[in-house]
Amino acid sequence: MKELHSFGWYAAKVSPHLPKKAFKPVPMRLLGGFLYVVVISSCFFLIIKYNLHPILNISISLLIGFCFSAIGFLGHEILHGTVVRKAWLRDLLGAFFMLPISTGPLLWRKWHNMTHHIHTQDEEKDPDAWPSMDALSKVRLLQWMYKIPQNVRAFFAFAFLFITFTIHSTKQFFFFVKQAKPKKKITYWVQFLIPWTLWLSLLLMVGFEKWFYTFLLPLFITNFIVMSYISTNHRLNPLTEINDPLANSLSVTLPKWIDVLHFNFSYHTEHHLFPGMSSKYYPLVKEQILKLWPERYHQMPMHLAMIALWKTPRLYYKEKELIDPKKGKIYGSLGHGLDPKAINFREEDREQKEISAELAVDKRN
Ligand SMILES: [Zn+2]
Ligand SMILES: [Zn+2]
């Protein structure tokens, strides 16, 4: 088995091969962000001012949804401090670009920067990691989910992507606000309430139909785009004891124009090596990783990753595999037998099947 290394270990080996400018903030990224704001404002104007045909309104909504997700990716980058260094400006710009996804800068930095990045794919500590078989007996929802046939379950899981980010973000808000000191609690609440007040005021101003086209439908689209990336970032990889980004992260590949429009958000392994580096330089990081550890690096086209997500369960089995507990089918994870082009499973052995069945017993009995 390959030895695991921390992200700092990899970063130290790659850094000497990168130009100095790669470690500096890139304020020019804001230009792209403001172009998106111009497009979004124009779309809002068209929908609110004119009574357009529903098909036209839906098309404009799709465009707004695409732009919302793109500025969300920029907000993510800004809150890592890779666009501007001054803390107050970083938070202000981050809050602005994350308005559509109603996630405040304090929450995002605590949840994403300080928790997800530090404890990636640690079942207990990473708020974005999926559970293992051990959780099955404790979480009734999981027991219920795995009684549903695989394809039906996958269909609902994919449909759920249209709202998952908003739900997960709200859940994280209540989790972190509970632990915060009184002074910080106020900041959490203010940053949570400002975006929602804004969106609800828009509803009162323009009425439900125009609000649906300007905000609600675009929010569903944004959720789906953002979650398509987030779902593929780590969920096909194993849980790892050491936060090794080459083992626990996946970079998806997309046409170049999408990478440009999405601020290189697809380079997720590179991002976990250098979260404080502008994503503009991630192609250079990828070049180095491919030179140094080609056998460890995971990348695949986005559509293959999505198909692999559809075909595999989201319950870890002994950290490195995935299990459908009802059928006793065990699938590999990336680096541990998962081939996205030919997804296979093996049957759980009898003894293990009995243990799984015991774990799955409803605690009510
Ligand atoms: Zn990640
Ligand atoms: Zn990040």
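Two strands pair if DSSP finds at least two bridges between them. Helices (H or I, at least four residues) and strands (E, at least two) are DSSP runs, numbered from the N terminus. This is a predicted model, in which local features need pLDDT of at least 70, side-chain atom pairs count only at pLDDT 80 or more, and totals for chains, interfaces and linings use all residues. Residues are numbered from 1 along each chain as its sequence is written, and chains are lettered from A and ligands numbered from 1 in the order in which they are written.

**Strands**
- S3 (residues 316–317) pairs with S4 in the antiparallel sense over two bridges, and Leu-322 in S4 is the bridge partner of Tyr-316.
- Three residues separate S3 and S4 in a hairpin, where Lys-318 in the turn has a positive phi of about 50°.
- S4 also pairs with S5 (residues 329–332) in the antiparallel sense, over four bridges; Lys-329 in S5 is the bridge partner of Asp-324.
- The hairpin of S4 and S5 has four residues between the strands, and Gly-328 in its turn has a positive phi of about 70°.
- From S4 (residues 321–324), Glu-321 and Ile-323 point one way and Leu-322 and Asp-324 the other way, and all are buried (20 or more other C-beta atoms within 10 Å of the residue's own, with C-beta atoms placed from the backbone).

**Helices**
- The axes (lines fitted to C-alpha atoms, for helices over the stretch in contact) of H7 (residues 150–179) and H8 (residues 182–206) come within 9 Å and cross at roughly 160°.
- H7 is therefore roughly antiparallel to H8 (angles over 145 degrees, on a range from 0 to 180 degrees between N-to-C directions).

Definitions and conventions:
A residue is buried if 20 or more other C-beta atoms lie within 10 Å of its own, exposed if 12 or fewer, and partly exposed in between; C-beta atoms are placed from the backbone. Angles under 35 degrees count as roughly parallel, over 145 as roughly antiparallel, 65 to 115 as roughly perpendicular and the rest as oblique.
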